[in-house]
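Here is a friendly walk through one structure, from its overall form down to single side chains. Please keep the sequence and the 3D view open as you read.

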Amino acid sequence: MKNTDFAKQILEWNKTILDSSVNLLERFQEYGEKTTESFVELSPWGVEEGKKALSQWSGNRKKGLKAFKEGVAFGFKQADGLCAAAKTAK
């Protein structure tokens, strides 16, 4: 097995693990958001400011996670490009 093939397999393995971990984290966060929203909706002291803050926090989390995913995808794309360039250079 060539080093470039081995490096590509390692990259794919790491990408799969990272994608699975991020997706799991995202599901936990979504569950936490839904639970918190339900709690605030049902509580008598649920103030509009609190609801607005939760909505804003949720939006910021989604934007941050999207940016993280795009950055990771870009990094893996660059690494794939390096492997392809190394393979063709030989």
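Which helix do the buried residues of H1 pack against? They pack against H2. Contact here means heavy atoms within 4.5 Å, and buried means under 20% relative accessible area, with exposed over 50% and partly exposed in between (1.4 Å probe, protein chains only).

A word on the source: this is a predicted model, in which local features need pLDDT of at least 70 and side-chain atom pairs count only at pLDDT 80 or more, while totals for chains, interfaces and linings use all residues. Residues are numbered from 1 along each chain as its sequence is written, and side-chain values use heavy atoms, with hydrogens and water left out.

## Overall form

The secondary structure of the protein consists of 2 helices and 0 strands. Helices (H or I, at least four residues) and strands (E, at least two) are DSSP runs, numbered from the N terminus. H1 covers residues 3-42 and H2 covers residues 48-89.

The C-alpha trace spans about 70 × 20 × 10 Å along its principal axes. The protein has a radius of gyration of 20 Å, whereas a compact globule of 90 residues would have one near 12 Å. That radius is taken over C-alpha atoms, and the globule rule is 2.2 Å times the number of residues to the power 0.38.

H1 has 40 residues, and at 1.5 Å a residue they should span 58 Å; the end C-alpha atoms of H1 are 58 Å apart, which agrees. The expected span is 1.5 Å times one less than the number of residues in the helix.

Of the contacts with a separation of 6 or more, 81% are between residues 24 or more positions apart. Buried residues make up 16% of the 90 residues in the protein.

In H1 the buried residues are Thr4, Leu11, Val22, Glu26, Glu33 and Val40. Leu11 also belongs to the largest nonpolar core, whose 5 residues are Leu11, Val72, Phe76, Ala79 and Cys83. H2 gives the most to this core, with 4 residues. A nonpolar core is a set of buried Ala, Val, Leu, Ile, Met, Phe, Trp, Tyr and Cys residues joined through side-chain atoms within 4.5 Å.

Look at Cys83 next: leaving aside residues up to four places away in sequence, Cys83 touches Thr4, Ala7, Lys8 and Leu11.

## Salt bridges between the helices

Side chains of opposite charge can pair when their charged atoms come close. A salt bridge is counted when a side-chain nitrogen of Lys or Arg is within 4 Å of a carboxyl oxygen of Asp or Glu. How many salt bridges does this rule give? The count comes to 6, and the table shows some of them.

| Residue pair | N to O distance |
|---|---|
| Lys8 and Asp80 | 3.4 Å |
| Arg61 and Glu33 | 2.4 Å |
| Glu41 and Lys51 | 3.9 Å |

Lys8 in H1 and Asp80 in H2 are 72 residues apart, so this pair links distant parts of the chain. Not counting residues up to four places away in sequence, Glu33 touches Trp57, Ser58, Arg61 and Lys62.

Glu41 lies in H1 and Lys51 in H2, so the pair ties together parts that are 10 residues apart in sequence. Glu41 is exposed, with a relative accessible area of 52%, whereas Lys51 is partly exposed at 24%. Glu41 and Lys51 also belong to a network of salt bridges together with Glu48.

## A glycine in H2

One last stop is Gly75, which is placed in H2. Gly75 is partly exposed, with a relative accessible area of 32%.
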